[in-house]
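Open the model in your viewer and keep the selection tool ready. This tour tells you what to pick at each stop.

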Amino acid sequence: MTMQDTAAVTPYKTSNGRSRQRSGGARSRRRRTALALARTGLALAEQAAPGLGARAAVRMLMTLPRAVPGQDVTAVPDGDRQRVNLPGPTTASIVTEAWGEGPAVYFLHGWGADRTSWRRFVGPLTRAGFRVVTLDAPGHGDSGPGAYGPGRTLLPEMIAALRTAAGHHGPAHAVVAHSMGGLAAAVACLDGLPAARLVLIAPMPDVPSAIRVFAEAAGAGERIQARMHRALERLVRVPLSHFDAVQRSAEEETLPAALVIHDGGDRRVPFGLGARLAAAWPCARLHVTHGLGHHRILRDEGVIAASVDFLMAGSPC
């Protein structure tokens with residue numbers, strides 16, 4: 001749930017046919033301008049109309065960032081792609097993609113990403129005897145919009161997407177998730193999703209932390225933040241405490257064994273947030289990396305190897 005303000009990189013062809021990268025400078029400038037205007041508006045609302053500012057901030061928070069083209073994607077043969085309908089009165093659906101045979105490991109991406117985030121995990125896990133199932137949450141990747149309309153979603157829809165994928169493809173041996181997807185996976189397991197193991201990479205531990213991270217990027221003050229809590233609860237119709245993985249896991253004794261992987265220099269989801277979740281989870285190990293940040297951590301061979309080893313381990317913790 002953070003705002004992306006990095007420059008886009010777009011591939012293009014030179015006259016000799018070679019593919020290079022072109023800096024998305026114009027797009028980056030537009031994004032910086034929009035962010036500056038939003039910060040100015042929220043700063044004014046903080047003093048004059050915090051309720052109005054909170055509604056605008058929630059709308060910003062639930063709006064997905066544009067996908068950044070030209071990201072590094074490892075070449076992997078296409079898997080078995082399926083479109084799966086979500087439960088409920090709408091006609092929303094998600095796209096899943098699966099490879100291999102064996103115990104199913106489900107992968108849930110972070111906010112604004114998609115299932116291609118996990119391409120580097122496919123080979124190592126299928127060779128280890130697992131079935132890899134990735135999915136695009138509502139509004140992400142190839143999935144259709146959810147209940148909040150095109151380009152918008154909230155945490156409950158990510159949780160519902162994971163549960164729907166597991167209901168369609170079969171019981172989960174494990175779930176691997178990143179960032180906001182990590183919180184969705186943790187809450188899904190706290191709500192009863194059966195799984196033996198969890199790998200949470202740079203996880204957000206609760207919604208208030210997500211609001212604080214968003215607010216720092218958007219320039220929303222304390223009065224707006226306080227009202228954002230109530231505005232979000234009205235939208236999702238569930239107390240935000242239901243999505244507090246730290247508090248809820250500390251009150252449980254039987255949960256999936258978890259490996260929490262977090263980079264010490266993560267600027268999107270600060271390291272202390274993941275460490276707090278690892279400390280509260282009853283059966284968890286914390287794996288610390290350095291110099292990988294929030295996104296490159298998903299492409300690191302050491303992180304992938306540690307994840308595979310943990311998923312193959314026989315001991316509970």
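Two rings of Phe, Tyr or Trp count as a pair if their centres lie within 6.5 Å, with the six-membered ring used for Trp. Keep in mind that the model is predicted.

**Stop 1: the ring cluster.** Select Phe107, Trp118 and Phe121, which ring pairs link into a cluster. Three aromatic pairs turn up in a search of the whole structure. Zoom in on phenylalanine 107 and tryptophan 118: their pair is tilted, with 5.0 Å from centre to centre and 55 degrees between the planes. Phenylalanine 107 belongs to strand β5, while tryptophan 118 sits in the loop between β5 and α3, 11 residues apart. Are these two buried or exposed? Phenylalanine 107 is buried at a relative accessible area of 0%. Tryptophan 118 is buried too, also at 0%.

**Stop 2: helix α10.** Now select residues 301-312. Look at the start of α10: a side-chain oxygen of aspartate 300 comes within 3.0 Å of the backbone nitrogen of glycine 302.

**Stop 3: the buried residues of α10.** Colour Val303, Ile304, Ala306, Ser307, Val308, Phe310 and Leu311, the buried residues of this helix. They pack against several elements, including β5 (104-108) and α3 (119-127).

**Stop 4: the whole chain.** Zoom out. The protein chain has 10 helices and 10 strands. Of its 317 residues, 51% are buried.

Notes. Residues numbered from 1 in each chain as written. Predicted model: local features only at pLDDT ≥ 70, side-chain atom pairs only at ≥ 80, totals over all residues. Heavy atoms only, no water. Helix = DSSP H or I, 4+ residues; strand = E, 2+ residues; numbered from the N terminus. Buried < 20%, exposed > 50% of the residue type's maximum accessible area, 1.4 Å probe, protein only. Expected span 1.5 Å × (residues − 1). Contact = heavy atoms within 4.5 Å. Polar contact = N/O pair within 3.5 Å; in protein donor to acceptor, adjacent residues only side chain to side chain. Phe/Tyr/Trp six-rings, centres within 6.5 Å; stacked < 30°, edge-to-face > 60°.
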